[in-house]
Amino acid sequence: MHEMQVRERVARWIEEGKDLFALLPELLGAEKEADLLRRELMELRKELAESKSHSGDMRKEHGDLHKQLEALRQQNEQLMAEKAEAGQALAKVLETVAATNQIAQKLGVTKSPFARRDTPAATPQPAATPQPAANE
């Protein structure tokens, strides 16, 4: 009887094996798909690492540009202050020139001492004479 049970078991095993062999192509296809997915996952991980590196570089560059922008803003503020100061100094010079012109008009001076002479060789210039000091 023991031999009969073994034969029946082997027969069932063969029948079940046939069913399993029918599933084998599907399992092999699934294995190929799993390999493809593993490769794709590795590529995605590589891309993620590159993206993280690029993101870090971009953050550093952003920080550098932000510092540069802040330095340029400070420089701009300084230059604007210097421009305003120069404008005030020029306004004072113009006031002084206007006051000098008024004085010259009151004194009857018709030609400005700062005016250009047409031909310096044609008009002889007087020799400079030393002036006595007022406090001596």
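Asp-35 and Arg-38 form a salt bridge, with their closest N and O atoms 2.7 Å apart. A salt bridge here is a side-chain nitrogen of Lys or Arg within 4 Å of a carboxyl oxygen of Asp or Glu. The model is predicted: local features need pLDDT of at least 70, side-chain atom pairs count only at pLDDT 80 or more, and totals for chains, interfaces and linings use all residues. Residues are numbered from 1 along each chain as its sequence is written, and side-chain values use heavy atoms, leaving out hydrogens and water.

Both Asp-35 and Arg-38 sit in helix α1, which covers residues 2-107. They are 3 residues apart, about one turn of the helix. Helices (H or I, at least four residues) and strands (E, at least two) are DSSP runs, numbered from the N terminus.

How open are these side chains to solvent? Asp-35 is partly exposed, with a relative accessible area of 30%. Arg-38 is partly exposed too, at 47% relative accessibility. The classes are simple: buried is under 20% relative accessible area, exposed is over 50%, and partly exposed lies in between, with a 1.4 Å probe and protein chains only.

Glu-31 forms a salt bridge with Arg-38, and here the closest N and O atoms are 3.8 Å apart. Glu-31 counts as partly exposed because its relative accessibility is 40%.

Further along the numbering comes the pair Arg-73 and Glu-70. Their side chains meet in a salt bridge at 4.0 Å, N to O. Arg-73 and Glu-70 both lie in helix α1, 3 residues apart, about one turn of the helix. Arg-73 has 45% relative accessibility, so it counts as partly exposed. Glu-70, at 36%, is also partly exposed. Back at Arg-38, salt bridges that share partners join Glu-31, Asp-35 and Arg-38 into one network.

Now the whole structure. A search of it finds 4 salt bridges, among them the Asp-35 to Arg-38 contact. The secondary structure of the chain comes to 1 helix and 0 strands. What share of the 136 residues in the chain is buried? Buried residues make up 1% of them. The chain exposes about 13700 Å², and carbon and sulfur atoms supply 59% of that area. Accessible areas come from the Shrake-Rupley method with a 1.4 Å probe; for residues, only the protein chains shown count as cover.
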